[in-house]
Amino acid sequence: MVSRFYRTPAFPIGAGPDFINAAASFDWAGQAQDLLALLHQIEAEFGRTRTQRWEARVLDLDLLALGARVLPDVATQDQWRALPLEDAAQIAPDELILPHPRLQERGFVLVPLADIAPNWCHPRLGLNVQEMLAKLPAENLAEIRPIDAD
């Protein structure tokens with residue numbers, strides 16, 4: 001299942017032209033790390049480079065969650081989720097963190113995710129997508145527009 005496509009400001013602000021964001025949901029029987037490797041391979045085939053954290057990119061495929069799995073463990077997920085944004089802009093984890101540690105802060109993630117999985121519940125926060133979206137300030141959502149509305 002795939003969400004609508006949305007035009008959103010680049011993140012971080014000023015990192016490039018507007019992004020097009022969407023969310024997809026599908027069954028995956030393999031390991032989370034194997035899925036992430038596949039996503040990175042697809043990005044590379046489209047010319048994605050990884051030289052600097054949060055650099056402008058031609059394609060960015062994020063693994064947001066795998067059901068209610070918490071990886072690599074609860075303490076690590078909680079630590080990365082609590083990391084101040086300034087620090088997160090400078091350092092990247094050396095292992096896969098699930099759910100994505102900042103998804104609850106990002107309208108450009110939650111808006112498309114609400115199209116396909118509004119009731120998915122964050123296993124550490126106990127909030128579903130609609131509830132996380134409702135907690136965001138209106139200014140975080142103001143410039144997110146469905147492509148068909150342009």
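In the predicted model, the protein exposes about 8800 Å² of surface, of which carbon and sulfur atoms supply 54%. Of the 150 residues in the protein, 38% are buried. The secondary structure comprises 5 helices and 3 strands, and these elements follow one another along the sequence in the pattern β-β-α-α-α-α-α-β. Among contacts between residues at least 6 apart in sequence, 54% join residues that lie at least 24 apart.

Helix 4, spanning residues 107-116, is largely enclosed by the rest of the structure, because 9 of its 10 residues are buried. The buried positions in this helix are Gly107, Phe108, Val109, Leu110, Val111, Pro112, Leu113, Ala114 and Ile116, and the packing partners of these buried residues are strand 1 (6-8), strand 2 (19-21) and helix 5 (129-135).

The largest nonpolar core contains 18 residues, and those with the most contacts inside it are Leu103, Leu110, Leu113, Trp120, Val129, Met132 and Leu133. At least two residues of this core are supplied by each of helix 4 and helix 5, with the largest share, 7 residues, coming from helix 4. In soluble globular proteins, nonpolar side chains tend to be buried together.

The surroundings of tryptophan 120 can also be described. When neighbours within four places in sequence are left aside, tryptophan 120 is in contact with Ala65, Gly67, Pro99, Leu103, Leu127, Asn128, Val129 and Met132; of these residues, Leu103, Val129 and Met132 are also among those with the most contacts inside the largest nonpolar core.

Methods: Residues numbered from 1 in each chain as written. Predicted model: local features only at pLDDT ≥ 70, side-chain atom pairs only at ≥ 80, totals over all residues. Heavy atoms only, no water. Buried < 20%, exposed > 50% of the residue type's maximum accessible area, 1.4 Å probe, protein only. Helix = DSSP H or I, 4+ residues; strand = E, 2+ residues; numbered from the N terminus. Contact = heavy atoms within 4.5 Å. Core = buried A, V, L, I, M, F, W, Y, C linked by side-chain atoms within 4.5 Å. Areas by Shrake-Rupley, 256 points an atom, 1.4 Å probe, with all protein chains shown as cover.
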